[in-house]
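Q: Please go through the terms used for this model and set each value against its cut-off.

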Amino acid sequence: MTEHQTQADQDRKAGTRRGGSAGLPDRPKSKKLRPLLQLWPYVAGRGAIFWPALLLLLAGVGITLYLPVVLRDIVDNGLANNDIPAINQGFMTFIGVVIVMTLVTSARFYFMSLLGERAAADLRSDVYKKLINLSSGYYSSLRSGEAVSRLTADVTLIESFLGSSASIFLRNALSLTGALIMMFILNWRLTGVMFVAVPLVMIPMFIIGTRVRKLSSAVQDRIADAAGEASESLEAIELVQAYGQEATRAERFRMACETAFQAARRRIGAQTLMSGSVIFGLFTGIAFMSWLAIQEVLAERMTSGELAQFSMYALSGVSGFGMLADVFNAAMRTSGAIQRCSEILNEEPDIRAPENPRAMPSPVTGAVQFDQVSFSYPTDTNAAALDKFDLKIKSGETVALVGPSGAGKSTVFRMLLRFYDPQSGAILLDGMDARAVTPQDWRAQFGYVPQEAALFSGSAADNLKFASPKATDEEIINALKASEAWRFLETKKGLQAELGGRGKNLSGGERQRVAIARALVRDAPVMLLDEATSALDAENERLVQAALDKASDGRTTLVIAHRLATVRRADRIVVMDKGRVAEEGDHESLVSQGGIYAHLAELQFSGS
Ligand SMILES: Nc1ncnc2c1ncn2[C@@H]1O[C@H](COP(=O)(O)OP(=O)(O)OP(=O)(O)O)[C@@H](O)[C@H]1O
């Protein structure tokens, strides 16, 4: 558990490092744009936002294409004839169109952004709903932290794409197409020349632009490296000073900053080249096109108004083209994000109900049996975690599982809670095979106290209702009393006492007692207790032991035991080694056998 958290923390840090300070997270791109289509249900399913957004987008494009027509009329009808009233009238129309355009654009912005947020919220909930139902096998094959990255970073990319890039893309693609058609109608010769001239100017800019983008992300990576370096040292400042590493660490940070500076210098060089070539390309292009256009006007193949109209389309077309290139990049990244999210959405949990699930016997007495169970973890198929494991526990019996680290004790619990299914053999409860019932029905028969007493933020009552949502206040208080947790909660706010995130408002021993109460309130026939290894003071130890006693009262109990007091209370001790039962008996008989248990007891329980 702790190992997992540490790994997750590291991954989170690595994620932040990779993400840098660019605002949007930096996640792998896809090579295909096709996955974008998978967003369709999320967009179309919200018709009340989607259709207004699309109509407003089309209206906006139409208005942008109409503005140059108004300008042409001003020039041709007003300016060419020196007709002042026509000029004034023309500009009034122009302003009118601008007002409509402003309203339409603002409304479009509102609906498009809303659409992005709406779809992201829906997608996020769907991905989470799937994640929370997937089985342990899935998580063990996923890099830890990756699931959360998909839920947050990937969905953020999608959100930003739908809310802004997709709208920019559609708007510019439509404006560009519209502008080209209008230009072609106005003067096909000029348009033809532009078709040749524009790529000549754009291609070098595009190449340099790609280089600038690459260098910019390299700079961000280097800055993030430096920041990572700094935070690592500052988080462990006492260690750094205790070992006299201040100068070395400062020098390492300086080197990281220097590398970032060198990367920035390369980026600035490319940017300088880029802006130079943009200015040169753009203005020589404009000069050349203007010269050609004036030739057309002089040859009376075009009016002055049409020239003005043409120029407006050309300018908007060129800028639209530039934006498309940027948006393309965003689309590739979003496509990658969608692929990763849909991978989760398409995943089927490998632990699921059979086609015709049977009902658990009523009542369940709690007779547990492992029948020749062999199992190896999906990520480690060579080594068997359980090897033809046989164990029969009578209803109401308390069995202590002991054994060296890696013997398979926790695996026994994981199999009992059906986080995994065995590769061969069967796990039975009152004779019922775990695979014959729904996982929910099966798990409802177990109370589980993990080694790290993971609690959730919320009140004590919330934390107990987690195990039994219908429990009454009285039942909750009884469970808390039985687990010796009520005494300290009473001095706080009783059931309403806030436990803090992961129960951080409580001490280690108190957390364990609340976790035991949580298992008790479930009132299940089988209790699984994974005893904490961390040392407790004598008083807490006594209280936890008393709580454990109550927890096993009248129920079948399996306890992974680390304390002498616990093994002594058990009806039977089962010693595991290499996924098998190695020895069995009570404390005295096992010690006298002088085997694994005797050795373990000497090491482990000598201080108890
Ligand atoms: N998620 C996992 N993926 C792959 N292998 C695992 C996984 N969890 C445990 N194992 C392996 O399975 C074997 C049994 O592990 P298990 O956690 O059941 O041991 P344990 O007896 O509970 O040990 P400990 O007392 O140290 O907790 C070990 O070899 C371990 O490396």
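A: Helices here are DSSP runs of H or I with at least four residues, strands are runs of E with at least two, and both are numbered from the N terminus. The model is predicted, so local features need pLDDT of at least 70 and side-chain atom pairs pLDDT 80 or more, while totals for chains, interfaces and linings use all residues. Residue numbers start from 1 along each chain as its sequence is written.

Q: With which residues is E306 in contact, leaving aside its neighbours within four places in sequence?
A: They are R72 and L186; contact requires C-beta atoms, placed from the backbone, within 7 Å. M183, 123 residues from E306 in sequence, is 9.4 Å away in space, C-alpha to C-alpha.

Q: Why are α16 and α17 called roughly parallel?
A: Angles run from 0 to 180 degrees between N-to-C directions of axes fitted to C-alpha atoms, for helices over the stretch in contact. Under 35 degrees is roughly parallel, over 145 roughly antiparallel, 65 to 115 roughly perpendicular, and the rest oblique. The axes of α16 (residues 508–521) and α17 (residues 538–552) cross at roughly 5 degrees and come within 10 Å, so the pair is roughly parallel. The contact is made by G509, Q512, R513, I516, A519 and L520 of α16 with N540, L543, V544, A547, L548 and A551 of α17. By class, these residues are 8 nonpolar, 3 polar and 1 charged (Ala, Val, Leu, Ile, Met, Phe, Trp, Tyr, Cys and Pro are nonpolar; Asp, Glu, Lys and Arg charged; the others, Gly among them, polar).

Q: How many residues surround the ligand, and which are the closest?
A: The shell has 14 residues, the closest being Y377, S405, K409, S410 and T411; the cut-off is a C-beta atom, placed from the backbone, within 6 Å. The shell divides into 4 nonpolar, 8 polar and 2 charged residues. Helix α11 (residues 409–416) gives the most, with 3 residues.

Conventions: Contact = placed C-beta atoms within 7 Å.
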